[in-house]
Amino acid sequence: MDVLVLIGRILFVVLFLGASVNHLGKTAAMAGYAKSRGVPFATPATLATGTMLLFGGLSVLLGIWADLGALVLFLFLVPTAVLMHAFWRETEAGARQNEMLHFMKDLALGGASLMLFALIAHAGDELGLMITAPLFTID
């Protein structure tokens, strides 16, 4: 099971680490998009969310407080779904469908992040292939 969870962790974080590179490496473009979606303080928000993505992704990948990393990803994903992919505001059918897809993707990944948090916090040291023990304990 340890190897399966490790493979799952690796596959899970690819999206988040790639997004962190864009947030932190192409901040002006990403902040411009965030501003167009109504996000206040778009540049600091882009840097903050890029840092969340990097921390959460590396934490889950490396198994360093992976429960905390999964929780940080959850805390990124749910507000992002609502703020950045508000499909109900779109009037054009194609744009509405695209935003709905991204909204649902973010919610699904948020759910997966929450489940990963619970799995790691519940399994504790028993999960294996982690550098540190979880910060949280769920019995």
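1. Basis of the note. The model is predicted, so local features need pLDDT of at least 70 and side-chain atom pairs count only at pLDDT 80 or more, whereas totals for chains, interfaces and linings use all residues. Residues are numbered from 1 along each chain as its sequence is written, and side-chain values use heavy atoms, with hydrogens and water left out.

2. Overall fold. The protein has five helices and zero strands, in the order α-α-α-α-α along the sequence. Helices (H or I, at least four residues) and strands (E, at least two) are DSSP runs, numbered from the N terminus. The radius of gyration is 16 Å, close to the 14 Å that the globule rule gives for 139 residues, so the protein is as compact as a globular protein of that length. That radius is taken over C-alpha atoms, and the rule is 2.2 Å times the number of residues to the power 0.38. Along the principal axes, the C-alpha atoms fill a box of roughly 50 × 30 × 25 Å.

3. Surface and contacts. The accessible surface comes to about 7800 Å², and 74% of it belongs to carbon and sulfur atoms; accessible areas come from the Shrake-Rupley method with a 1.4 Å probe, and for residues only the protein chains shown count as cover. Of the 139 residues, 35% count as buried (buried is under 20% relative accessible area, exposed over 50%, partly exposed in between, with a 1.4 Å probe and protein chains only). Among contacts (heavy atoms within 4.5 Å) between residues at least 6 apart in sequence, 59% join residues at least 24 apart.

4. Salt bridges around Arg 37. The model contains three salt bridges, each defined as a side-chain nitrogen of Lys or Arg within 4 Å of a carboxyl oxygen of Asp or Glu. Arg 37 and Glu 90 form one of them, at 3.0 Å from N to O. This pair links distant parts of the chain, 53 residues apart: Arg 37 is in the loop between helix H2 (27-36) and H3, and Glu 90 is in the loop between helix H4 (66-84) and helix H5 (93-123). Arg 37 also pairs with Glu 99, the closest N and O atoms being 3.7 Å apart. Because Glu 99 lies in helix H5 and Arg 37 in the loop between H2 and H3, this second pair ties together parts that are 62 residues apart in sequence.

5. The remaining pair. Asp 106 and Lys 105 meet in a salt bridge at 3.3 Å, N to O. Asp 106 is buried, with a relative accessible area of 5%, whereas Lys 105 is partly exposed at 33%.

6. Nonpolar patch. Leu 24, Leu 47, Leu 54, Leu 58, Leu 62, Ile 64, Trp 65, Ile 131, Leu 135 and Phe 136 form a nonpolar surface patch with about 830 Å² of accessible area together. Patches are made of residues with over 30% relative accessible area and no salt bridge, like charges being joined within 9 Å and nonpolar side chains (Val, Leu, Ile, Met, Phe, Trp, Tyr) within 5 Å. Helix H3 (residues 42-62) gives the most, with four residues. Leu 62, in helix H3, is partly exposed at 41% relative accessibility.

7. Positive phi angles. Most residues other than glycine have a negative phi. Trp 65, in the loop between H3 and H4, has a positive phi of about 50 degrees and is partly exposed at 38%. Leu 129, in the segment after H5, has a positive phi of about 55 degrees and is partly exposed at 44%.
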